[in-house]
Amino acid sequence: MGEMVERRTVTGELIERVERPDAATRLGLEPHPEGGWYRRTWTGSAAVTTPSGARPAATMILFLLPAGEASAWHLVANDEVWIWSGMGEIALQDGGDGAVPVPGEITVLGDAASGSASQAVVAGGRWQRTLVSDHDALASCMVSPGFDFADFTMAEDEQ
């Protein structure tokens, strides 16, 4: 049995205790509040000014979605580019830009040779989630201007 860790909200409240998957251990990933596992891998050196304050020009994370897991509906204030990283497939669902998410188009990220997209863009301010898969999947996510949890919102019913 793997190490038990706590998944917490952005403000620190306990969401659940979960077992860290072997792939998350190997990649040095922590539980993400939305679900899945992540680690920031890059922060751009240039800074930009946004309505929410100064942010790096861009940031990137490695994101693991283990088999059987999904992410909660969430939105990021800034544009996000999902880049398939060579393991499994991730089904990314758009939820629109309204006050609450409305399930919409699904983009499957995976091996382009098998007909999947290798990249997808989620415009800032749009709801998104990943759907449950029967296999581990790995992607990188770049946000520009750079990600800050102050610019992150989870749907009310999923907090």
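In strand β14, W84 has A139 as its bridge partner. Strands here are DSSP runs of E with at least two residues, numbered from the N terminus. The model is predicted, so local features need pLDDT of at least 70 and side-chain atom pairs count only at pLDDT 80 or more, while totals for chains, interfaces and linings use all residues. Residues are numbered from 1 along each chain as its sequence is written, and side-chain values use heavy atoms, with hydrogens and water left out.

Strand β9 (residues 79-87) runs antiparallel to β14 over 7 bridges. Two strands count as paired if DSSP finds at least two bridges between them. I83 is bridged to S140 in β14. Strand β7 (residues 59-65) also pairs with β14, again in the antiparallel sense, over 7 bridges. Here L64 has L138 as its partner.

Strand β14 spans residues 137-144 and is mostly covered, with 6 of its 8 residues buried. Buried means under 20% relative accessible area, exposed means over 50%, and partly exposed lies in between (1.4 Å probe, protein chains only).

The largest one has 12 residues: I61, F63, L65, W82, I90, L92, L109, A120, V122, A137, A139 and C141. A second, separate core has 9 residues, among them V18, A23, L62 and L138.

The peptide bond from S144 to P145 is cis, with omega near -15°. P145 is found in the loop between β14 and β15 (152-154). Most residues other than glycine have a negative phi, and most peptide bonds are trans.

Another antiparallel pair involves strand β1 (residues 4-8) and strand β2 (residues 14-19), joined over 5 bridges. E6 stands opposite R17 in β2. The two strands, β1 and β2, form a hairpin with 5 residues between them. In the turn, G12 has a positive phi of about 100°.

Notes
Helix = DSSP H or I, 4+ residues; strand = E, 2+ residues; numbered from the N terminus. Core = buried A, V, L, I, M, F, W, Y, C linked by side-chain atoms within 4.5 Å.
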